[in-house]
Amino acid sequence: MSLLSVENLRVTFPTDHGPADVVRGLSFTLGRERLGIVGESGSGKSMTGRAIMGLVPAPGKVTADQLMFNGKDLRGLSEDERRDLRGTAMSMVLQDPKFSLNPVIRIGEQIEEAMAVHGTLGRRERRERALEALTAVRIKDPERVARLFPHEVSGGMGQRVMIAMMVVLEPALMIADEPTSALDVSVRGQVLDILADLVSRRGMGLILISHDLNMVARWCDRILVMYRGEIVEEIASGALMDAQHPYTRGLVASLPTIDETRDRLPVLDRGKL
Amino acid sequence: MITRGWLLSDDPETRMQARLGVSYRLARDLMRNPLAMVGLMIILALLLVAAFAPWLAPYSPVEGTLADRLQPPSAAHWMGTDELGRDILSRVIYGARITLMIVLLVAIISAPLGLLIGTVAGYFGGWVDRVLMGLTDIFLSLPRLVLALAFVAALGPGIENAVIAIAIAAWPVYARIARAEVLTFRNSEFLDAIRMQGASRLRIIARHVMPLCISSTIVRVTLDMAGIILTAAGLGFLGLGAQPPLPEWGAMISRGRSFILDQWWVATMPGFAIVIVSLGFCLFGDGLRDVLDPKQRSRG
Amino acid sequence: MIHVKDLSVSFSDVRVLHDVSFDVATGESFALVGESGSGKSTILKALAGQLPAFTGTLRIGEDNDTDRPFSARDRARQVQMVFQDPYGSLHPRRTIDDTLNEPLLIHGLPDRDSKVIAMLDAVGLPRRFRFRLPHQLSGGQRQRVAIARALMLNPPVLLLDEPTSALDVSVQAEILNLLKSLREEKNLTFLLVTHDLPVVSFLCDRLAILHAGRIVETANTEALRSGQLSSSYGQELFQRSVYG
């Protein structure tokens with residue numbers, strides 16, 4: 001059985017010129033795998049993640065023919081039920097850890113707090129689990145890091161802490177929206193490594209949302225390419241170069257390569273899409 | 001020909017059209033806020049009353065008939081008469097002129113002063129900031145009325161001195177706000193870019209920094225109008241503002257205080273005028289803030 | 001066109017640059033590559049005249065035979081910069097027209113209208129955008145405005161601070177093409193700061209690799225394309241760029 005199945009998902013926002021669909025009739029299923037959603041700004045990729053999490057900001061409206069998560073219909077859930085689900089069964093890693101961590105609470109306490117809200121574990125157990133989680137995201141001296149405040153750690157470390165905070169709750173589904181774009185290039189790989197590793201070891205489902213075609217191709221099993229709120233193509237990660245849709249092909253072609261010798265880069269002709 | 005579409009065009013053809021378009025959008029957003037419109041109506045009414053006071057007032061504001069002293073509101077005297085037999089309605093109407101003058105003069109003096117000091121302090125930082133903000137803090141640490149009182153005491157009573165005193169007491173708030181605003185963008189790249197073009201500091205502050213602080217200052221000044229009116233009324237009440245027989249609202253309340261139990265209207269009628277006008281400025285200021293300063297929007 | 005000799009910079013006792021030296025010839029495109037904290041942006045800031053204190057020799061622009069320090073106005077005619085964040089580098093309340101006019105006004109140059117229109121054409125912005133505000137433009141369009149602003153005074157040198165890293169892939173291609181064309185047309189000298197090696201391959205002739213405030217290697221782009229970087233750190237960056 002699939003972990004998540006989405007059929008005809010739509011996200012609509014009212015504008016001055018009438019309602020505008022940001023996501024238009026998206027359908028896909030997700031198992032315990034790594035799914036990449038790639039697209040440029042305005043493609044609706046982030047809104048898709050938010051719609052699944054139930055985090056579309058007002059006045060946006062979400063509709064779908066089907067939105068099943070772990071055998072549960074997400075459409076009929078109340079705001080409270082959604083919130084419970086968000087803490088435990090599905091969680092989201094955002095772009096910049098600086099905005100997601102409380103600046104005046106020590107890192108260890110924040111992770112324990114996440115457990116306290118959703119679980120019934122005792123204090124000592126929570127502490128152990130928090131240290132375990134920090135170790136799981138490859139933080140070498142978890143005891144020390146747990147005592148630090150968020151501003152005392154680097155961006156990469158902060159993002160790892162965020163992931164640890166999600167992981168302690170052992171969600172079945174993790175949605176990562178541009179999890180590395182605020183990080184230095186050298187630590188991007190590490191963070192994604194950790195995510196991918198957790199997915200395979202704990203049997204989670206991961207949706208990695210990004211604009212970076214190469215990154216998604218490298219870390220995901222399958223890729224959905226989004227353009228203007230629709231999936232234009234689904235490709236296996238190894239087959240990026242064999243993409244069929246002109247949009248995907250255009251994107252791949254417009255990326256410079258390290259052995260670049262072209263005089264001009266090909267530019268997407270949006271009129272033809 | 002000016003049409004809605006022309007004003008809302010995404011691609012204005014001239015500088016003029018671009019500016020009108022921006023103003024039109026602001027006005028349209030403001031119109032959608034009913035409370036702001038109520039505030040605007042009150043302010044417009046104040047302006048009209050002040051402008052046409054001689055035609056609107058049924059009696060002279062300064063000459064009374066002693067025989068008619070302390071009459072309750074009636075068909076002849078809608079708001080009654082005071083202890084010298086002067087028609088209170090006429091005095092309130094003429095008082096609008098004084099109130100408006102005080103408010104405008106204070107705004108004209110204190111807002112640019114506060115804006116200048118705040119932006120200079122915020123942009124330069126370092127010791128300039130410390131000196132200017134130290135000065136500002138000294139002024140801020142004293143209650144406005146007490147400060148104004150001290151200046152009036154030094155300068156002597158009278159309406160001009162009251163205006164100067166209130167202005168001196170009002171600017172530090174604007175300086176603080178402008179400085180805080182500048183700090184949010186002083187390291188931004190658009191200022192780096194303009195520095196790289198060789199702009200002088202004066203030019204950067206006047207043309208690039210100040211325009212970004214003006215809207216929050218305008219909002220704050222509008223919201224402060226009520227406080228300015230009340231401070232002026234307070235000075236009038238204490239006998240240090242407008243001098244008799246000028247029909248200043250605060251001074252009128254002060255005179256009416258002696259009869260407040262038996263002849264309530266003498267103090268209450270100018271009190272109403274103060275409350276309504278203050279409310280008008282507050283409502284309009286709130287609306288302006290929502291339009292000009294979307295960051296601080298109070299509602300979603 | 002750019003001469004940097006023994007440039008050292010310290011921020012409150014922490015040395016962030018150690019005796020950095022390099023030269024860029026007229027019309028050349030040179031890249032400074034490194035991770036954040038390597039000091040590459042600090043070099044750019046020093047050349048842009050935005051660092052109060054440094055030691056070493058910096059010369060930039062055509063008039064580089066005197067040791068007389070540039071005034072801000074002189075420097076503006078020699079070197080301009082394109083910033084990384086197209087959302088933060090344009091004044092939010094000024095129209096494109098205001099932004100492009102400003103350098104001309106500062107330097108008292110004539111024919112402003114025709115120059116602004118010619119520049120819009122040159123950077124591929126429709127003339128009807130002239131009186132728009134930045135929030136009415138996309139990221140790529142804003143970056144075109146930023147490039148136009150940098151070129152208004154016709155400086156021979158452009159400093160490019162990760163000019164495409166905040167842009168979408170397809171837009172990045174457009175901006176990179178534009179920069180390349182402008183450089184050919186106007187014989188500009190580029191100094192590009194980036195962490196993105198493929199961008200260097202496309203846009204630059206030579207590169208210097210920075211690590212912890214030191215240049216560890218200077219190489220031709222040819223060496224980069226073929227993976228022949230000589231330093232171990234250079235190889236590490238290359239591997240990471242190719243294999244992630």
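**Exercise 1. Locate A:Asn8 and state whether it is buried, partly exposed or exposed.**

Step 1. A:Asn8 sits in strand S1 (residues 4–15) of chain A; helices (H or I, at least four residues) and strands (E, at least two) are DSSP runs, numbered from the N terminus.

Step 2. The model is predicted: local features need pLDDT of at least 70, side-chain atom pairs count only at pLDDT 80 or more, and totals for chains, interfaces and linings use all residues. Residues are numbered from 1 along each chain as its sequence is written, and chains are lettered from A and ligands numbered from 1 in the order in which they are written.

Step 3. A residue is buried if 20 or more other C-beta atoms lie within 10 Å of its own, exposed if 12 or fewer, and partly exposed in between, with C-beta atoms placed from the backbone. A:Asn8 has 13 C-beta neighbours inside 10 Å and therefore counts as partly exposed.

Step 4. The phi of A:Asn8 is near 50°, a positive value in a residue other than glycine.

**Exercise 2. Check the length of helix H8 of chain A and find which residues are buried.**

Step 1. The expected span of a helix is 1.5 Å times one less than its number of residues. For the 18 residues of H8(A) (residues 185–202) this gives 26 Å, and the end C-alpha atoms are 26 Å apart, so the two agree.

Step 2. The buried residues are A:Arg188, A:Val191, A:Leu192, A:Ile194, A:Leu195, A:Leu198 and A:Val199. Seen down the axis of H8(A), the buried residues fall within an arc of 150°, so they line one face of the helix; the arc is that of the directions from the helix axis to the C-beta atoms.

Step 3. A:Ser200 and A:Arg201, on the other side of H8(A), are exposed.

Step 4. Two residues are in contact if their C-beta atoms, placed from the backbone, lie within 7 Å. The cover over the buried residues of H8(A) includes strand S3 (34–38), helix H5 (123–136) and helix H7 (155–167) of chain A.

Step 5. Just after H8(A), A:Gly203 has a positive phi of about 65°.

**Exercise 3. Describe how helix H10 of chain A crosses helix H6 of chain C.**

Step 1. The axes of H10(A) (residues 246–254) and H6(C) (residues 169–186) come within 8 Å and cross at roughly 45°. Axes are lines fitted to C-alpha atoms, for helices over the stretch in contact, and angles run from 0 to 180 degrees between N-to-C directions.

Step 2. That angle makes H10(A) oblique to H6(C): angles under 35 degrees count as roughly parallel, over 145 as roughly antiparallel, 65 to 115 as roughly perpendicular and the rest as oblique.

Step 3. A:Gly250, A:Leu251 and A:Ser254 of H10(A) meet C:Val169, C:Ser170 and C:Ala173 of H6(C).

**Exercise 4. Summarise chain B.**

Step 1. Chain B has 12 helices and 0 strands.

Step 2. Of its 300 residues, 44% count as buried.

Step 3. The C-alpha atoms of chain B fill a box of roughly 75 × 50 × 30 Å, taken along the principal axes.
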